[in-house]
Amino acid sequence: MMMESSKHTKDGTLLLNREEVCSLIGIDECIDAVERAFKLHGEGRASPPGILGVHAQDGGFHIKTGLLEQDRNFFVAKINANFPQNLKRFGLPTIQGLILVCDAVTGYPLAVMDSIEITIQRTGAATAVAVKYLAGKDAEIVTICGAGNQGRIQLSALLRVRDLTQAFVYDVDDGKARQFAAEFAHELPVEPITKGRLSSAVRESHICVTCTPAREFFLNCDDVAPGTFIAGVGADSEEKQELDPQLFVSNKIIVDVLEQSALIGDLHHAIVAGLVKKSDVHAELGEVVAGRKPGRISVEEIIIFDSTGMALQDAAAAALVYNKAISAGVGTMYQFNSTITQNKIH
């Protein structure tokens with residue numbers, strides 16, 4: 001049963017830009033918040049998250065909603081635009097959007113914040129949680145496919161949950177891969193690789209993360225050695241694809257949200273190809289985190305985590321940012337409803 005909010009704020013709606021959001025969230029606390037959200041979901045103590053996708057010319061929009069019950073109950077809605085050609089054509093980020101945080105008891109709009117940093121960090125955090133429960137305990141070599149902001153946070157997050165000794169990074173832009181390697185050189189050896197080296201690098205790796213905008217799969221069955229953990233992160237619409245659908249046959253499949261992955265994840269392509277059914281999915285990650293289903297049971301098994309982005313991840317990260325902003329006095333208050341008398345916070 002939902003607890004009544006202890007404070008009904010009427011001072012206005014807190015506005016936070018990307019710089020302010022960045023100052024309020026770090027990957028370690030984001031991993032903790034996202035792990036708690038998965039646990040709540042796995043225990044059935046969170047309302048089912050919602051998603052709506054709308055296609056547009058050269059891109060699209062999606063809306064994700066979640067309700068998170070904590071000391072204070074939050075409803076969070078994220079509207080993200082995804083236009084892969086933005087940087088080349090307009091000098092704009094591929095992903096842009098906003099997050100609305102509301103009091104789930106009164107409906108009051110508590111905050112509107114930029115979504116980019118939260119999306120980046122909560123996605124990396126979800127992979128870290130999955131690796132914590134599903135990768136081999138001695139996993140120490142990783143291949144990252146995609147040298148953008150998401151690739152960076154993925155490696156940063158993995159370094160929090162495994163003692164990595166070697167990383168490979170692949171990107172269609174060789175220059176971006178080299179820059180990525182240079183940025184992480186002080187933390188561990190990172191080898192930038194070309195497509196011709198990708199297969200052998202993945203076979204050497206214990207963990208492989210794909211976080212690209214690819215629309216045709218590039219990770220093949222023959223690339224993956226026994227015992228590998230794969231996180232497919234880039235496919236968040238039915239047009240995107242990174243993993244060979246054959247990988248879903250005879251390997252353990254974990255998803256963030258089953259219905260969502262079946263519609264827009266790499267799992268979607270395996271289902272459409274008639275290779276697997278939804279009933280072949282072993283578990284949602286939350287069920288593993290909550291201890292309701294086992295994770296890895298063999299050092300030899302290949303485990304695929306189809307990560308499409310659960311709304312409760314956004315809710316957990318946004319609630320964290322909101323609470324820290326209020327405590328630190330960060331952001332700007334704006335009164336959207338001028339008929340409500342403002343009460344100054346002292």
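Trainee: What makes Lys132 and Glu35 a salt bridge?

Mentor: In this predicted model, the closest N and O atoms of Lys132 and Glu35 are 3.1 Å apart. The cut-off is a Lys or Arg side-chain nitrogen within 4 Å of an Asp or Glu carboxyl oxygen, so the pair qualifies.

Trainee: Which parts of the chain does this pair tie together?

Mentor: Lys132 belongs to helix α4 (residues 116-134) and Glu35 to helix α2 (residues 27-42), so the bridge ties together parts 97 residues apart in sequence.

Trainee: Why is Glu35 called buried, and why is Lys132 called partly exposed?

Mentor: Buried means under 20% relative accessible area. Glu35 has 13% and therefore counts as buried. Lys132 has 36%, which lies between 20% and 50%, so Lys132 is partly exposed.

Trainee: What makes Glu183 and Arg152 a salt bridge?

Mentor: Their N to O distance is 2.6 Å, and the limit is 4 Å, so the contact counts. This pair links distant parts of the chain, with Glu183 in helix α6 (residues 174-184) and Arg152 in helix α5 (residues 149-161), 31 residues apart.

Trainee: Is Arg152 buried or exposed?

Mentor: At 18% relative accessibility, Arg152 falls under 20% and therefore counts as buried. Glu183, at 34%, counts as partly exposed.

Trainee: How many salt bridges does this rule give?

Mentor: The count comes to 17. Among them is the bridge between Glu204 and Arg197, at 3.1 Å from N to O.

Terms used
Residues numbered from 1 in each chain as written. Predicted model: local features only at pLDDT ≥ 70, side-chain atom pairs only at ≥ 80, totals over all residues. Heavy atoms only, no water. Helix = DSSP H or I, 4+ residues; strand = E, 2+ residues; numbered from the N terminus. Buried < 20%, exposed > 50% of the residue type's maximum accessible area, 1.4 Å probe, protein only.
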